[in-house]
Amino acid sequence: MGDQTSEQICPRSSDASSFSHRPKGTHPLLTFIYSTVNAGKSANLIMRAHSCTERTIEHRILVPEIAQARDGISQVASRIGFSQKALTIKTNQDPFEVISREVNFRQSVGGDSPLQVVFVDEAQFFNRSQILGLTQISD
């Protein structure tokens, strides 16, 4: 899978317990996976998201609207056939507002599982204001 660089990717088996014990009300982690073309970034993201699901770690995958041309509507897909449901962020949407609405809704209904991890695929297709919105998610 080529050389990949990442910031705190969820979950490595040795890290999983630290994710499941995050205090309520803390901000989710914002994860970027970046590397060269055909390095397996999307497959890696999908596998890590699956690991979150297996460990009941609440997470979301965000993809820019333009990615639908390759991956299909509201999903991230890899060239080897893996796919996972994702939230499509339209060009005029702020990812921070989208995630904030979900977090606020969860709190209003007394949800026990806070959103802990946010994955982003194809981040290079987000515009400047959307990237700034992504940084606010983990601030």
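**Cores and helix packing in a predicted model**

Leaving aside neighbours within four places in sequence, I46 is in contact (heavy atoms within 4.5 Å) with V76, A77, S78, F82, S83 and Q84. The model is predicted: local features need pLDDT of at least 70, side-chain atom pairs count only at pLDDT 80 or more, and totals for chains, interfaces and linings use all residues. Residues are numbered from 1 along each chain as its sequence is written, and side-chain values use heavy atoms, with hydrogens and water left out.

I46 belongs to the largest nonpolar core, which has 12 residues. Such a core is a set of buried Ala, Val, Leu, Ile, Met, Phe, Trp, Tyr and Cys residues joined through side-chain atoms within 4.5 Å. Buried means under 20% relative accessible area, exposed over 50% and partly exposed in between (1.4 Å probe, protein chains only). Other members include L45, A49, C52, V76 and F119. Helix 2 (41-54), strand 3 (59-64) and strand 7 (117-120) each supply at least two residues. Helices (H or I, at least four residues) and strands (E, at least two) are DSSP runs, numbered from the N terminus. Helix 2 gives the most, with 4 residues. A second, separate core of 11 residues includes L62, I99, L115 and F126.

In helix 5 (residues 128-138), Q130, G133, L134 and I137 are the buried residues. They fall within an arc of 105 degrees seen down the helix axis, so they line one face of helix 5. The arc is taken from the directions from the helix axis to the C-beta atoms. On the other side of helix 5, R128 and S129 are exposed.
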